[in-house]
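Subject: Structure handover

Hi,

Here is the structure for you to look through. Please keep it open while you read the notes below it.

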Amino acid sequence: MFPSNLPNASKQFSSLDDVLNALKGLKDDPLANAGTNIVISRGNPSAKLLLIGEAPGPQENIQGKPFVGPAGQLLDKVLKAGSFDPDKDVYITNSVFRMPPGEDGKSFRKPNDQEIDYYRPFVFEIIRLIDPLVILLTGNVACQSVLKKTGITSLRGQWTQVEGHWLMPIFHPSYLLRNQSREPGSPKAMMWADIREIRRKYDELTQGKSSM
């Protein structure tokens, strides 16, 4: 499922630092001429919970870390609601490591298929080297990168086990910002159910006790 014999990052890296350095040194990737910065990760690389986002937005491009804008602040609240410390219990990375430039007056756009395909080998190498127990895929771009599937509404909340990793797609927090209702069946209500299930599975896998 997580092959290393893909183009671009075809070799296996010996350490996470090697992957990060390779990404920082990219000069011929599809977004190299976009004038935006490489944004890779934040959190604890020893964590057993890996969260994969989509692509940097304006705040991420400025600060050089994923999920630091309004969506990131909401993500941290969701993680804390599941009794996860975003700095200690989670490693957060992207599917695409530069902000795609905007079109029609927008500051940025969704990554396209070529961009997702190009950076995918690096995503797989991060997964291999972090070796998490649980992987959360936030939104359709992350699902396309890792599972080669889209349709987050039907995929969310469903576990897939791949090579010892438990994967669950969840809504991207930016989607929750656009859908503020907390009524039963709303995206926020479904996210609450998902984070509780993630906590349960995480505790089961780590043989811990749930603090929910």
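The notes below go from the overall fold to the sheet, the pockets and a few loop residues.

First, the ground rules. This is a predicted model, in which local features need pLDDT of at least 70, side-chain atom pairs count only at pLDDT 80 or more, and totals for chains, interfaces and linings use all residues. Residues are numbered from 1 along each chain as its sequence is written, and side-chain values use heavy atoms, with hydrogens and water left out.

Overall fold

The chain has eight helices and six strands. Helices (H or I, at least four residues) and strands (E, at least two) are DSSP runs, numbered from the N terminus. Read from the N terminus, the order is α-β-β-α-α-β-α-β-α-α-β-β-α-α. The radius of gyration is 16 Å, close to the 17 Å that the globule rule gives for 212 residues, so the chain is as compact as a globular protein of that length. That radius is taken over C-alpha atoms, and the rule is 2.2 Å times the number of residues to the power 0.38. The C-alpha trace spans about 45 × 40 × 30 Å along its principal axes. Of the 212 residues, 50% count as buried. Buried means under 20% relative accessible area, exposed over 50%, and partly exposed in between (1.4 Å probe, protein chains only).

The sheet

Six strands form an open sheet with mixed pairing, in the order E1-E3-E2-E4-E6-E5. Two strands pair if DSSP finds at least two bridges between them. Strand E1 (41–43) and strand E5 (160–162) are the edge strands, each pairing on one side only. On average, neighbouring strands of this sheet are turned by 25 degrees against each other, direction ignored. Axes for such angles are lines fitted to C-alpha atoms (for helices, over the stretch in contact), and angles run from 0 to 180 degrees between N-to-C directions.

Look at strand E2 (residues 49–52). Leu-49 and Leu-51 point one way, Leu-50 and Ile-52 the other, and all are buried. E2 pairs with strand E3 (residues 90–93) in the parallel sense, over four bridges. Leu-49 stands opposite Val-90 in that pairing. E2 also runs parallel to strand E4 (residues 134–138), again joined by four bridges. There, Ile-52 stands opposite Leu-137.

The pockets

Rolling a probe the size of a water molecule over the atoms shows where empty space is left. A pocket here is an open set of points on a 1 Å grid over the protein atoms alone, where a 1.4 Å probe fits, with protein on both sides within 12 Å along at least five of seven lines; lining residues have an atom within 4 Å of a point. Grid points are joined across faces, edges and corners, and a volume is the space filled by probe spheres set on the points.

The largest pocket has a volume of about 590 Å³. It is lined by 27 residues, and the closest to its centre are Glu-54, Ala-55, Phe-108, His-172 and Ser-174. Helices H2 (58–63), H3 (70–81), H5 (139–146) and H7 (173–178) each give two or more residues to this lining. H7 gives the largest share, four residues. The lining divides into 13 nonpolar, nine polar and five charged residues. Ala, Val, Leu, Ile, Met, Phe, Trp, Tyr, Cys and Pro count as nonpolar, Asp, Glu, Lys and Arg as charged, and the others, Gly among them, as polar.

The second largest pocket has a volume of about 220 Å³. Its lining includes Leu-74, Lys-77, Arg-182, Lys-188 and Trp-192. H3 and helix H8 (187–206) each supply at least two lining residues. The largest share, five residues, comes from H8. This lining has eight nonpolar, no polar and three charged residues.

Loop residues

Lys-148 has a positive phi of about 55 degrees although it is not a glycine. Lys-148 lies in the loop between H5 and helix H6 (152–155), and counts as exposed at 61% relative accessibility. Glu-163, also not a glycine, has a positive phi of about 50 degrees. Glu-163 is in the loop between E5 and strand E6 (165–170), and is exposed at 53% relative accessibility.

Asn-112 sits in the loop between E3 and helix H4 (113–130). Asn-112 is partly exposed, with a relative accessible area of 30%.

Best wishes
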